[in-house]
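User: I'm new to this one. Could you walk me through it in plain words?

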Amino acid sequence: MTREQTGSVVIAGLGPGDDTLITKEVRIALDRATDVVGYIPYVKRIAPRDGLTLHASDNRVEVDRASHALQMAAAGKQVVVVSSGDPGVFAMASAVFEALEKGPKDWLDLEIRVLPGITAMLAAAAQLGAPLGHDFAAINLSDNLKPWDLIEKRLQLAGEAGFAMAFYNPRSKSRPHQFARALEILRAACGPQTLISFARDVTKPTQSITTVTLAEATPEMADMRTMVIVGNRDTRRIGRHVYTPRYAE
Ligand code: SAH
């Protein structure tokens with residue numbers, strides 16, 4: 001088999017939305033791809049061209065999608081699996097490795113590379129100022145892949161430990177009450193005056209950003225297009241900016 005016929009899987013992050021935030025190495029990988037695999041709205045971001053097949057699939061079929069990508073690579077294709085933000089953050093990179101672990105042994109010889117992207121948390125933090133300038137925890141609030149009890153425990157302990165926090169998947173229509181419960185836990189663990197920011201559609205034309213105290217926060221301020229960032233007790237506002245000092249006592 002010649003080198004050109006050797007397949008590969010590249011797992012690439014497309015960043016938070018603005019195309020200027022797609023890295024050059026991701027663009028190069030997309031230019032070389034024969035097949036792009038991903039969740040429908042992310043695949044929509046890829047321009048069609050001759051020689052490129054787009055495979056868009058629905059949410060919650062991540063491991064099937066990953067197996068499909070590995071199968072195509074085993075057949076000699078140059079496959080790019082796309083995620084929004086960074087592919088290693090609550091996204092497709094782990095799903096590809098889960099499929100690899102379950103799949104035939106010869107998949108282990110495939111070339112597999114993960115190309116980082118700008119994750120929503122960092123894009124949101126940059127718009128706000130520097131709310132993650134000290135220690136922080138990134139937490140996925142969806143209970144699709146873990147029990148809600150574990151999420152409550154992590155919120156409680158991260159709050160008590162004084163971490164700032166960044167929440168992905170904060171609130172969906174199928175579980176509207178959980179985010180209200182999360183806010184209750186945070187008020188008790190972090191104090192009601194702690195700042196909380198809601199950054200929606202970050203870097204997209206529809207971007208909106210609001211910062212309030214935990215006492216003022218309501219569940220409706222978040223949806224699945226929102227990144228929620230909770231400060232620590234030292235996080236403060238200066239003019240339009242929100243920042244967390246680098247030091248702690
Ligand atoms: N891999 C992605 C995260 C996927 S989880 C990344 O690294 O960014 C999906 C969640 O990410 C959404 O529910 C939302 O909380 C957040 N998110 C993704 N893009 C966003 C954006 N442009 N603005 C605000 N939040 C975003």
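Analyst: Let's start with a term: contact, or touching, means heavy atoms within 4.5 Å. This is a predicted model, where local features need pLDDT of at least 70, side-chain atom pairs count only at pLDDT 80 or more, and totals for chains, interfaces and linings use all residues. Residues are numbered from 1 along each chain as its sequence is written, and side-chain values use heavy atoms, with hydrogens and water left out.

User: Which residues touch the most other members of the largest nonpolar core?

Analyst: A nonpolar core is a set of buried Ala, Val, Leu, Ile, Met, Phe, Trp, Tyr and Cys residues joined through side-chain atoms within 4.5 Å. Buried means under 20% relative accessible area, exposed means over 50%, and partly exposed is in between (1.4 Å probe, protein chains only). In soluble globular proteins, nonpolar side chains tend to be buried together. Here the largest core has 24 residues, and those touching the most other members are Leu155, Met165, Phe167 and Ile196.

User: Which element gives the largest share of this core?

Analyst: Helices (H or I, at least four residues) and strands (E, at least two) are DSSP runs, numbered from the N terminus. Those giving two or more residues to the core are β7 (136-140), α6 (148-160), β8 (164-168), α7 (176-190), β9 (195-200) and β11 (226-230). The largest share is seven residues, and it comes from α7.

User: How many residues are in the other core, the one that lies apart?

Analyst: Its members include Ala73, Ala93, Ala95 and Trp107. The count for this core is 18 residues.

User: In β10 and β11, what are the bridge partners of isoleucine 196?

Analyst: Two strands pair if DSSP finds at least two bridges between them. β9 pairs with β10 (residues 208-213) in the antiparallel sense over six bridges, and five bridges join β9 to β11, again antiparallel. β9 is also mostly covered, with five of its six residues buried. For isoleucine 196, the partner in β10 is valine 212, and in β11 it is valine 230.

User: Is glutamate 160 buried or exposed?

Analyst: Glutamate 160 is found in helix α6, and its side chain makes a polar contact with that of glutamine 156 at 2.6 Å. A polar contact is a pair of N or O atoms within 3.5 Å; within protein, one must be able to donate a hydrogen and the other to accept it, and residues adjacent in sequence count only if both atoms are side-chain atoms. Because its relative accessibility is 53%, glutamate 160 counts as exposed.

User: Is serine 8 buried or exposed?

Analyst: Serine 8 sits in strand β1 and touches Ala73, Lys77, Gln78, Val79 and Glu111, leaving out residues up to four places away in sequence. Its side chain makes a polar contact with the side chain of glutamine 78 (2.8 Å). Since its relative accessibility is 7%, serine 8 counts as buried.

User: How far does helix α3 reach from its first C-alpha to its last?

Analyst: The expected span of a helix is 1.5 Å times one less than its number of residues. Helix α3 (residues 62-74) has 13 residues, and 18 Å is expected. The model comes close to that, with a reach of 18 Å.

User: Which residues of α3 are buried?

Analyst: What covers them includes β1 (8-13), β2 (35-39), β3 (53-57), β4 (78-83), α4 (92-102) and β5 (111-115). The buried residues are Arg65, Ala66, Ser67, Ala69, Leu70, Met72 and Ala73.

User: Which residues are closest to the ligand?

Analyst: A residue is near a molecule if one of its heavy atoms lies within 4 Å of it. A backbone N or O atom of alanine 120 lies 2.9 Å from a ligand oxygen atom, and one of methionine 227 lies 3.5 Å from a ligand nitrogen atom. In total 20 residues surround the ligand, and the closest are Asp86, Val89, Thr119, Met224 and Thr226.
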